[in-house]
Amino acid sequence: MTTTSATSSRAPGVQTYAGSCQCGAVRFEVGLDLSTGTIRCNCISCTKTGWWSMVVKPEAFRLVAGQESLRDFSRSEASHARFCGVCGIRVFSHGNVPELGGAYYSVNLNCLDGVDFAGVPVNYLDGRHDTWAPLAHAPYMSPFAPAAHARA
C-alpha cells in the first residue's frame with residue numbers, strides 16, 4: 001500500500017491513508033475516497049469523542065500495530081468502538097449492521113496522519129434524536145487554517 005501525504009487538491013478515487021492514536025500504539029491503514037463525503041453525527045457519543053468518520057468494507061482497513069493495546073466499548077455485538085488502552089483515543093469501530101451494508105469498519109478521520117481535509121464534503125446527521133436524518137451537507141473548512149482568520 002502506498003500511503004498518501006497531505007494534499008490540498010484531491011483527485012477522486014480511493015487512496016491509502018495512514019492513521020494512529022495519539023501515542024502511536026495503535027496504527028492502521030485505510031483505503032478511502034474522501035471526495036465521496038464524510039460523516040459527522042451529533043449524537044452524544046460522536047460529539048463527546050470528536051468522531052468524524054467514513055465507513056468502509058473490512059478489506060479496505062488494515063490494523064498495522066497495536067492489537068494488544070486496543071480496548072472495546074460496545075453496547076451490542078453489532079458494533080464495537082475500539083480505542084487505545086494507552087492514550088484513550090477512539091480510533092475506529094467495526095461491526096456488522098445490515099443498514100450499513102453488512103460488515104464494516106468506520107475510521108475516525110481525526111486519527112489520520114497529515115491529511116489536509118480542506119473542501120472534503122461533510123454529511124451532518126441527526127443521531128442525537130435517533131432519526132439519522134441529514135441536517136446539512138457542506139465542504140469542510142478548518143477553523144485553524146489561515147483563510148479562516150482573514151478579515152473581509
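Guide: The count of salt bridges comes to one, where a salt bridge is a side-chain nitrogen of Lys or Arg within 4 Å of a carboxyl oxygen of Asp or Glu. The model is a predicted one, in which local features need pLDDT of at least 70 and side-chain atom pairs count only at pLDDT 80 or more, while totals for chains, interfaces and linings use all residues. Residues are numbered from 1 along each chain as its sequence is written, and side-chain values use heavy atoms, leaving out hydrogens and water.

Side chains of opposite charge can pair when their charged atoms come close. Here the partners are Glu 29 and Arg 62, at 3.1 Å from N to O. Glu 29 lies in strand β2 and Arg 62 in strand β5, 33 residues apart, so the pair links distant parts of the chain. Strands (E, at least two residues) and helices (H or I, at least four) are DSSP runs numbered from the N terminus. Glu 29 is buried at 11% relative accessible area, whereas Arg 62, at 41%, is partly exposed. Buried means under 20%, exposed over 50% and partly exposed in between, with a 1.4 Å probe and protein chains only.

Next come the rings. Aromatic pairs number seven; rings of Phe, Tyr and Trp (its six-membered ring) pair if their centres lie within 6.5 Å, and planes under 30 degrees apart count as stacked, over 60 as edge-to-face and the rest as tilted. One of the pairs is Phe 28 with Phe 61, stacked at 5.5 Å centre to centre with 25° between the planes. Phe 28 is in strand β2 (residues 27-32) and Phe 61 in strand β5 (residues 61-65). Both residues, Phe 28 and Phe 61, are buried. Phe 61 also pairs with Phe 92, and this pair is tilted because the planes stand at 45°, with the centres 4.7 Å apart. Phe 92 belongs to strand β8 (residues 90-97), 31 residues from Phe 61, and is buried at 2%. Ring pairs join Phe 28, Phe 61, Phe 92 and Tyr 105 into a cluster.

The cysteines remain. Disulfides number zero; a disulfide is a pair of cysteine sulfur atoms within 2.5 Å. The sulfur of Cys 21 has its closest cysteine sulfur in Cys 23, at 3.7 Å, too far for a bond. For Cys 87 the closest is in Cys 21, at 3.8 Å, also too far. Cys 21 is buried at 4%, and Cys 87 is partly exposed at 26%.
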